[in-house]
Amino acid sequence: MAPRGPRGAFFGERGMRDISEALAALDAEATAALESAADEAALEQVRVRYLGRKGALAAILRALVDLDPAQRPAIGKCANDVKQRLEAALTARREALLAAARSAAESAHVDVTLPGRPIPMGRLHPSTQILRRICQIFADMGFQIYRSPDVETEEMNFELLNIPAYHPARDMWDTFYTTEEGILLRTHTSPGQIRAMRESWPHPIRVILPGMCYRYEQITARSEIQFHQVEGLAVGRHVTMTDLKGTLVSFAHRMFGAERRARFRASHFPFTEPSAEMDVECILCEGAGCALCKQTGWLEILGCGMVHPTVLQNGGYDPMAYSGFAFGMGPERITMLKHRIEDIRYFWTNDLRFLEQF
Ligand SMILES: [Zn+2]
């Protein structure tokens, strides 16, 4: 039996066992705390709590003095081992935290001396550019923009525009039909004329109707299955062919230049009477004749005419009291003429080498 000292609890076998257990518990607890320390400050707190001068390990070591001298070396060695192991673990954890912080800083590092990276600038599609230009010119003349749906009824697209089912014009304007009977993708923006008239009656109308049109056609350099059209419509009392010519010549002058001559040729459309096509002087040869104008000196840019009495009536306007003019043009065709683009397919193939030129 070992002698008992003043603090008997740490004497003898029992005291030694208590200290060993306290050391083991401290070892496990401190190791876990070190591992979960997330930063340098937390690590320092752990160090003070377990390894500091007033820490848990120091308290155990102080208790050694009460121990039987014969047992001190073994327990002392054990305590020292724990101390060394915890100090090593502390150093390792500190280094790991430092390395993590360093690599985080490196990945967030910005070198302000590097030259800036160029930001690719987007731009408007050539069709959109020309559409906006056309809308702008007509807006200056008091035309409002009227949007009508791409998906139309057969009645709106054909019948009400004076194109009955037997009309040969239907062959030229084959389109995409939906699975629903009588519903199709519009072949022209003209059905919007009927919608605009029915909405505006009995007030005078001055609108342009820009939008996408569709045709079931062989895709070639000159024809696409989808393209833009800009329709124009003016309805009122005493609207005459003179108004039509004045409006369109004014448009041509602003679009192609004030010195550009324009002419009207008689033509036929089912929804206008009389009908005409408008040409402008070739922008390349200025009338002398070249490949672009097929040696004629003129380029056709749009179709137009006085609104057919039947169409006026279908829109709700009395043809005896009202008259109107209408016109339609293809912005892609105008872009092709302005920039001598030889293939309409470039517009929708999304080739940046083409698009970046505008
Ligand atoms: Zn020419």
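The legends below describe close-up views of a predicted model.

In this predicted model, local features need pLDDT of at least 70, side-chain atom pairs count only at pLDDT 80 or more, and totals for chains, interfaces and linings use all residues. Residues are numbered from 1 along each chain as its sequence is written, and side-chain values use heavy atoms, with hydrogens and water left out.

Figure 1. A nonpolar core is a set of buried Ala, Val, Leu, Ile, Met, Phe, Trp, Tyr and Cys residues joined through side-chain atoms within 4.5 Å. Here, buried means under 20% relative accessible area, exposed means over 50%, and partly exposed lies in between (1.4 Å probe, protein chains only). In soluble globular proteins, nonpolar side chains tend to be buried together. The largest such core of this model has 34 residues, and those with the most contacts inside it are Ile134, Phe138, Leu302, Phe327 and Met329. At least two residues of this core come from each of α5 (126–140), β5 (226–236), α9 (241–256), β7 (272–281), β8 (298–307), β9 (323–329) and α11 (331–339). Helices (H or I, at least four residues) and strands (E, at least two) are DSSP runs, numbered from the N terminus. Another core, of 25 residues, lies apart from the largest one and includes Tyr146, Leu160, Leu312 and Ala326.

**Figure 2. The surroundings of Leu302.** Contact means heavy atoms within 4.5 Å. When neighbours within four places in sequence are left aside, Leu302 is in contact with Leu248, Phe251, Ala276, Glu277, Met278, Phe327, Gly328 and Met329.

**Figure 3. Helix α11 and Ile334.** The buried residues of α11 are Pro331, Glu332, Ile334, Thr335, Met336 and Leu337. Among the elements that cover them are α5, β5, α9, β8 and β9. Ile334, located in α11, is buried because its relative accessible area is 0%. Beyond its neighbours within four places in sequence, Ile334 is in contact with Ile130, Ile134, Met255, Phe256, Ile301 and Met329. Arg340 follows α11 and has a positive phi, near 55°.

Figure 4. On a 1 Å grid over the protein atoms alone, a pocket is an open set of points with protein on both sides within 12 Å along at least five of seven lines, whereas a cavity is a set where a 1.4 Å probe fits but cannot get out; lining residues have an atom within 4 Å of a point. Grid points are joined across faces, edges and corners, and a volume is the space filled by probe spheres set on the points. The second largest pocket holds about 180 Å³ of space. Its lining includes Met141, Phe143, Pro204, Asp243, Thr247 and Phe325. Two or more lining residues come from each of β4 (205–214), β5 and α9, and β5 gives the largest share, 3 residues. Thr247 lies in α9 and is buried, with a relative accessible area of 13%. Leaving aside neighbours within four places in sequence, Thr247 is in contact with Phe138, Met141, Phe143 and Phe325.

**Figure 5. The largest cavity.** The whole structure contains 1 cavity of 30 Å³ or more, and the volume of the largest cavity is about 30 Å³. Its lining consists of Ala30, Leu34, Val46, Arg47, Tyr50, Leu51, Leu86 and Leu90. Helix α2 gives the most to this lining, with 4 residues.

**Figure 6. Backbone details in loops and a strand.** Trp201 and Pro202 are joined by a cis peptide bond with omega of about 5°, and Pro202 lies in the loop between α8 and β4. The peptide bond from Glu273 to Pro274 is also cis, with omega near -5°; Pro274 lies in strand β7. His238, in the loop between β5 and α9, has a positive phi near 65° and is exposed, with a relative accessible area of 71%.
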